[in-house]
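Please consult both while going through the points.

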Amino acid sequence: MSGAGGGGGPVERGFPHLETVRAAITALYRRLSPDGVRAYATSLAPAEAAFADTDDLYPGAQRVAGALVEHLRLPRARIVVGFRRMEHAAAVELTAGPEYFVELNDRFRTHRRDIAAALSHEITHVLLHRLGLEFPGTRANEILTDTVTAYLGAGWLLLDAFRQDALSSQKLGYLTPEEFGYVLAQRALDFDEDPSVWFTSPQAYTAYTEGRARALADRRRPPLAGAGWTARHRYARDRRRALEHPGAVTGPGDGYAFRDGPGGPRVEFPCPVCHQRIRVPVRGRTRARCGLCRTVLECDT
């Protein structure tokens, strides 16, 4: 049994789980392959997730669950949706299938606009179960689930469920709002998509813009050619030290490190798309191809 977090308590903010999020994206590319990931290039459409207060509860929940099963490309998976009182927002019973039982918190009987968001997390649990992809520890595994939900085109629903006012707040999932924004922005950059037009929550839009700024910063770190002047200056200083002291490892603040190799010094840095580590010779302007996601990167090493 796996559950999705949510509720009206204090909302954690910022990027405390960023390393786990990046590891989740790497693991997803390793498990699905670049072509497998790109099969999800189109997000779940808002119309498929829409749930009006006038819709019948159980048929409506089954309809949305079916749309998510189809979007996540789950073969022969039938989701049976029920409602009960519970601490978490939702839970799913992970079995061998072909039927999976998802239970939603009773509050969704009257908060139907967020049923699709709660279901998106739980049905992604089913996908990961079938793929055999998991992280050790409950919290890391839930962060993996949130990350995959967002990166495969259904997680914008989870961020849009984040709402705050003077008296209350609601957030679904285990990522912070800004981390959801980061993953959605990574996806948007990789698949040329703008999920912000679907947000109904002003707080979700703000969190997305903050996450997008962090995602863009990933693509402006040296030795990538698009790095800013200050970062390039710092990189040149670290490179000089590495050349003067072979074998030294420097520059951890920007994610890169210099290492001595048989053909001279090499710089190692994370791919801004899949976050797999890339290692290339230090020799000025060059192109590097990520061995995992196959992205070609313009570099100035």
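The structure is a predicted model. The protein chain contains 9 helices and 12 strands. With a radius of gyration of 21 Å, against the 19 Å that the globule rule gives for 301 residues, the chain is as compact as a globular protein of that length.

**Confidence**

- The protein chain has a mean pLDDT of 91, and 94% of its residues reach 70 or more.
- Among the elements, helix H1 (residues 18–38) has the highest mean pLDDT, 98, while strand E1 (residues 2–4) has the lowest, 51.
- Where pLDDT is low, predicted coordinates should not be read in detail.

**Overall form**

- The C-alpha trace of the protein chain spans about 70 × 45 × 30 Å along its principal axes.
- Of the 301 residues in the protein chain, 54% are buried.
- The accessible surface of the protein chain amounts to about 13,500 Å², and carbon and sulfur atoms account for 50% of that area.
- When contacts between residues at least 6 apart in sequence are considered, 60% of them join residues at least 24 apart.

- In soluble globular proteins, nonpolar side chains tend to be buried together.
- The largest nonpolar core here has 90 residues, and those with the most contacts inside it are Tyr29, Ile79, Leu104, Leu119, Ile123, Tyr151 and Phe269.
- Helix H4 (residues 115–131) supplies the largest share of this core, 10 residues.
- Beyond its neighbours within four places in sequence, leucine 119 is in contact with Ala61, Val64, Ala65, Leu68, Val81, Val102 and Leu104.

**Alanine 50**

- Alanine 50 lies in the loop between helix H2 (46–49) and helix H3 (57–71).
- Its relative accessible area is 40%, which lies between the 20% and 50% cut-offs, so alanine 50 is classed as partly exposed.
- Alanine 50 and alanine 116 are separated by 66 residues in sequence, yet their C-alpha atoms are 7.6 Å apart.

**Helix H7**

- The 15 residues of helix H7 (residues 177–191) should span 21 Å at 1.5 Å a residue, and this agrees with the 21 Å between its end C-alpha atoms.
- Because 13 of the 15 residues of H7 are buried, this helix is largely enclosed by the rest of the structure.

**Backbone features elsewhere**

- Serine 33, which is found in helix H1, has a positive phi of about 80 degrees although it is not a glycine.
- Serine 33 counts as partly exposed, at 31% relative accessibility.
- Histidine 275 is located in the loop between strand E9 (264–270) and strand E10 (277–281), and its phi is near 70 degrees, a positive value in a residue other than glycine.
- Histidine 275 has a relative accessibility of 11%, which is under the 20% cut-off, and therefore counts as buried.
- The peptide bond from proline 222 to proline 223 is cis, with omega near 10 degrees.
- Proline 223 is situated in the loop between helix H8 (202–218) and helix H9 (229–244).

Methods
Residues numbered from 1 in each chain as written. Heavy atoms only, no water. Helix = DSSP H or I, 4+ residues; strand = E, 2+ residues; numbered from the N terminus. Buried < 20%, exposed > 50% of the residue type's maximum accessible area, 1.4 Å probe, protein only. Core = buried A, V, L, I, M, F, W, Y, C linked by side-chain atoms within 4.5 Å. Contact = heavy atoms within 4.5 Å. pLDDT = per-residue confidence, 0-100. Rg over C-alpha atoms; globule rule 2.2 N^0.38 Å. Areas by Shrake-Rupley, 256 points an atom, 1.4 Å probe, with all protein chains shown as cover. Expected span 1.5 Å × (residues − 1).
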